[in-house]
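These are my notebook entries on a single model. I set down what I looked up and what I found, entry by entry.

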Amino acid sequence: MEGDAAGASCAQVMNGLTGRLDDRTNGGAPLTFLPIAALKQNGLLQTLMARGDTPTPTEEDEALEKARQDWEALENAHPALTEDAGPTPIISFNEALQFFQTSDLGGLLKNIQPTVRRTGLAAVTHFLFGPPRLQRELLEERDLVFAIAQCQVDNSQAVHMRVLQTVYKRLVGSRRDCPRYGGHWESIGFQGMDPATDLRGTGFLGLMHPLYFVMDPETLPLARDIYKLSQHPTQNFPFSVMSINMTRIALQVLREEALSKECNRRQQVVGVLNDFYVATYLHLYQLWRNQQKTINDSGFVLKEVELFAKKNPKQMMRRLEVFLKERRAGRIPRGTSPDPQAQHPSPTLAEKGGGALMRQGGKAKEMHFTGVCDLPPDMEGEARLI
């Protein structure tokens, strides 16, 4: 009885109006639930004062219709993913490239550094004995490449999301979409749940290169072979982070104008850089597999690959051409299986790269492979692993 009396005397305050819990009244008139749209427009007090205690059926229907329209407008502004929604369509490299070609990248173009800045004797030596300059008609295409390397992943851009989905699906052989964030990205070699965090050094170009790799029918088998090796019990390595390092090396070789001759010959920059990226990853793959490398060797291997790529870009491209030709002919390409002669670096590597590494003493052994980072412009030519 005492509990009932306490409940009867207890009052509820709603927007400044007092009513008892037992009969839920407000001054003797029953409180009624009002449409959300009406509350949004007028507030509770204004609605009660304007419409009285009980809305008429006509008023109620109009308010419900208004509320329905409000919800439809909200759903159109923020469409929800449903189970019936189809998978995100894969995107070709050319379609993704066209997106950037037609985008306004003026703000990014102001920050690019497409060539190495040389002064004094170094500038004179490069002018007299260095590689040929890139032809004028190719400069815009070259600048586009470096602008893409400045572009970051944008969740609001459908093309960006399709590129991410395509790379993942083609590597793992899945047809289903994967979440934007999650541990599944680590399975293809990113370092965390968000691939964008690994792209600081190469921007969106770090996704465009693997997109080309997995969408070209000729290079897709090689991409999957490398991905398979990256999952090896003892020779494993992070596929995507290693790919980003291949992009970084390719960008630096382009910046040093070592690819200008080939670009001039083929009258294109993007295609040459794509092939050079694949050739660089092929070179690393063959070293890693044939010499039984592990993650502990990653710093030394990357340094060796970078030195060879800078000194022998033409030979790198030629090796890729031969590799793909042999694969088309149904033969096992050279370098894809253990070879006694492949257990040691080539004379070119030993002579040109080994001496520099030996002079560094213990520094090479201290390098650990955990990712890439933003770098000062004057250090971009070296392998940096933190």
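Entry 1, helix 7. I looked up what the buried residues of helix 7 pack against, and found helix 4 (93-101), helix 5 (106-109), helix 9 (205-215), helix 11 (239-255) and helix 13. The model is a predicted one, in which local features need pLDDT of at least 70 and side-chain atom pairs count only at pLDDT 80 or more, while totals for chains, interfaces and linings use all residues. I number residues from 1 along each chain as its sequence is written, and side-chain values use heavy atoms, with hydrogens and water left out. Helices and strands are DSSP runs numbered from the N terminus (helices H or I, at least four residues; strands E, at least two). Contact means heavy atoms within 4.5 Å. Within helix 7 (residues 139-148), I listed Arg142, Leu144, Val145, Phe146, Ala147 and Ile148 as buried. Buried stands for under 20% relative accessible area, exposed for over 50%, and partly exposed for what lies in between (1.4 Å probe, protein chains only).

I asked how many residues of helix 9 are buried. The count is 11 of the 11, so helix 9 is largely enclosed by the rest of the structure. The buried set runs through Leu205, Gly206, Leu207, Met208, His209, Pro210, Leu211, Tyr212, Phe213, Val214 and Met215. I then noted the partners of these buried residues: helix 4, helix 7, helix 8 (158-172), helix 10, helix 11 and helix 13.

I found that the axes of helix 10 (residues 220-230) and helix 13 (residues 270-290) come within 11 Å and cross at roughly 40°. Axes are lines fitted to C-alpha atoms, for helices over the stretch in contact, and angles run from 0 to 180 degrees between N-to-C directions. Helix 10 and helix 13 are therefore oblique to each other. On this scale, angles under 35 degrees count as roughly parallel, over 145 as roughly antiparallel, 65 to 115 as roughly perpendicular, and the rest as oblique. I recorded the crossing of helix 10 and helix 13 as left-handed; that is, the near helix is turned anticlockwise from the far one by less than a right angle, and clockwise would be right-handed. From helix 10, Leu222, Asp225, Ile226 and Leu229 meet Val278, Tyr281, Leu282, Tyr285, Trp288 and Arg289 of helix 13. By class, this contact of helix 10 with helix 13 holds eight nonpolar, no polar and two charged residues. Ala, Val, Leu, Ile, Met, Phe, Trp, Tyr, Cys and Pro count as nonpolar, Asp, Glu, Lys and Arg as charged, and the others, Gly among them, as polar.

I looked up how the axes of helix 11 and helix 14 (residues 298-311) lie: they come within 10 Å and cross at roughly 30°. Helix 11 and helix 14 are therefore roughly parallel to each other, and their crossing is right-handed. On the helix 11 side I listed Met242, Asn245, Met246, Arg248, Ile249, Gln252 and Val253, which meet Leu302, Val305, Glu306, Ala309 and Lys310 in helix 14. The residues of this contact divide into seven nonpolar, two polar and three charged.

Is cysteine 178 buried or exposed? Its relative accessibility is 9%, so cysteine 178 counts as buried. Leaving out residues up to four places away in sequence, cysteine 178 touches Gln165, Tyr168, His184 and Trp185, and proline 179 touches His184 and Trp185. Cysteine 178 is 13 residues from glutamine 165 in sequence and 6.9 Å from it in space, C-alpha to C-alpha. For proline 179 and glutamine 165, I noted 14 residues in sequence and 8.9 Å in space, C-alpha to C-alpha.

I found a phi near 55° at glutamine 267, a positive value in a residue other than glycine. Glutamine 267 sits in the loop between helix 12 (260-266) and helix 13, and counts as partly exposed at 39% relative accessibility. Glutamine 292, not a glycine, has a positive phi of about 55°. Glutamine 292 lies in the loop between helix 13 and helix 14 and is partly exposed at 47% relative accessibility.

I noted 16 helices and four strands in the protein. Of its 386 residues, 42% count as buried.
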